[in-house]
Amino acid sequence: MELKAASLGKDNNYDSTAWFYEKVAHFFSGGQILACKKSQVPHFKKDEKVLFAGSGGGEDALLAVNKESYVTIVELSGKMIGQAVKKFKGHQFDSHLKIYHENIFDHQLKGTYDVVVANFFLNVFKEIDMSKALAHLVSLLKPGGKLIIGDFSPPSGGVINKFVQKTHFRLASLFFNLLTNNPIHPIYQYQDYFKENGLTLIEKNFFTPLGLISDAYCSLIAVKD
Ligand SMILES: C[S@@+](CC[C@H](N)C(=O)[O-])C[C@H]1O[C@@H](n2cnc3c(N)ncnc32)[C@H](O)[C@@H]1O
């Protein structure tokens, strides 16, 4: 495991949530956020380079290290990195892991990665910055590389389901707005940004918490031209 503290001192407000973030996400989603991340595992291949942007406590990065991918984590919160480090200490493939304590916009290894993963990450930005972050993530991919986005799914189904989906998202949004100062915004339709970024959607999976909120989360897999 290699830790590059490139931007120490630039920690954001997720520090305060680091010790409970994954547990609360698991509880709030009835295990479906983890199911969403696990659905992405077939795209992690031995010896391929996989970047996790805003990786938090790294539960999904661990899934890729288990597949013997070469994994890079870029994360702004030192406390989140601390949570990730605990998971990887003593792991048989821990030499496959590089951790950058920095802002994703400072990560400039263009055209490097086979896969870039942004799980529940792009929604930390207001829309104008989200579209810049998405374009930046695409620039880090090799041609033919895959961008994977797991996140809240845009409202779908009947009126009641759409209402429940939006309420579920607003609750999470408000909670993190209070704790981390995340901007309040509608659920993003990431697919709307794919064409302009040279991405083609190849796979889409949906996840339904507690059998109640149909398609609350989705995992999008897109390939760079
Ligand atoms: C909502 S959490 C998601 C964490 C993780 N991907 C997951 O699904 O469990 C967003 C994470 O992005 C990190 N983050 C926010 N802005 C960032 C930036 N500009 N560069 C790198 N990480 C950032 C936060 O510190 C936080 O850990």
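1. A word on what you're looking at. This is a predicted model, in which local features need pLDDT of at least 70, side-chain atom pairs count only at pLDDT 80 or more, and totals for chains, interfaces and linings use all residues. Residues are numbered from 1 along each chain as its sequence is written.

2. How far can you trust it? pLDDT is the predictor's confidence in each residue, from 0 to 100. The protein averages 94, and 96% of the residues score at least 70. Watch out for residues 7–11, though: pLDDT stays under 50 there, and the model has 10 contacts for this stretch beyond four places in sequence. Two residues are in contact if their C-beta atoms, placed from the backbone, lie within 7 Å. Where pLDDT is low, the predicted coordinates should not be read in detail.

3. Now the overall fold. You'll find 6 helices and 8 strands, running β-α-α-β-α-β-α-β-β-α-β-α-β-β from the N terminus on. The radius of gyration is 16 Å, close to the 17 Å that the globule rule gives for 225 residues, so the protein is as compact as a globular protein of that length. That radius is taken over C-alpha atoms, and the rule is 2.2 Å times the number of residues to the power 0.38. Helices (H or I, at least four residues) and strands (E, at least two) are DSSP runs, numbered from the N terminus.

4. Contacts reach across the sequence: among those with a separation of 6 or more, 71% join residues 24 or more positions apart.

5. Next, the core. The largest nonpolar core has 54 residues, and Val50, Leu51, Ala53, Val116, Val117 and Leu147 touch the most other members. Such a core is a set of buried Ala, Val, Leu, Ile, Met, Phe, Trp, Tyr and Cys residues joined through C-beta atoms within 7 Å. Val116 has Leu51, Ala53, Leu137 and Leu147 among its contacts beyond four places in sequence. In soluble globular proteins, nonpolar side chains tend to be buried together.

6. Strand β5 also holds Ala118, which is buried with 24 other C-beta atoms within 10 Å. Beyond four places in sequence, Ala118 is in contact with Ala53, Gly54, Leu137 and Ile149.

7. Helix α3 (residues 59–66) is mostly covered, with 6 of its 8 residues buried. Those are Glu59, Asp60, Ala61, Leu63, Ala64 and Val65. Just after α3, Glu68 takes a positive phi of about 65°.

8. Two more backbone angles deserve a look. Most residues other than glycine have a negative phi, and most peptide bonds are trans. Asp47, though not a glycine, has a positive phi of about 70°; Asp47 sits in the loop between α2 (32–38) and β2 (49–53). Phe120 also has a positive phi, near 50°, and is in the loop between β5 (113–119) and α5 (127–140). Is each one buried or exposed? Asp47 is exposed, with 10 other C-beta atoms within 10 Å, whereas Phe120 counts as buried, with 22.

Terms used: A residue is buried if 20 or more other C-beta atoms lie within 10 Å of its own, exposed if 12 or fewer, and partly exposed in between; C-beta atoms are placed from the backbone.
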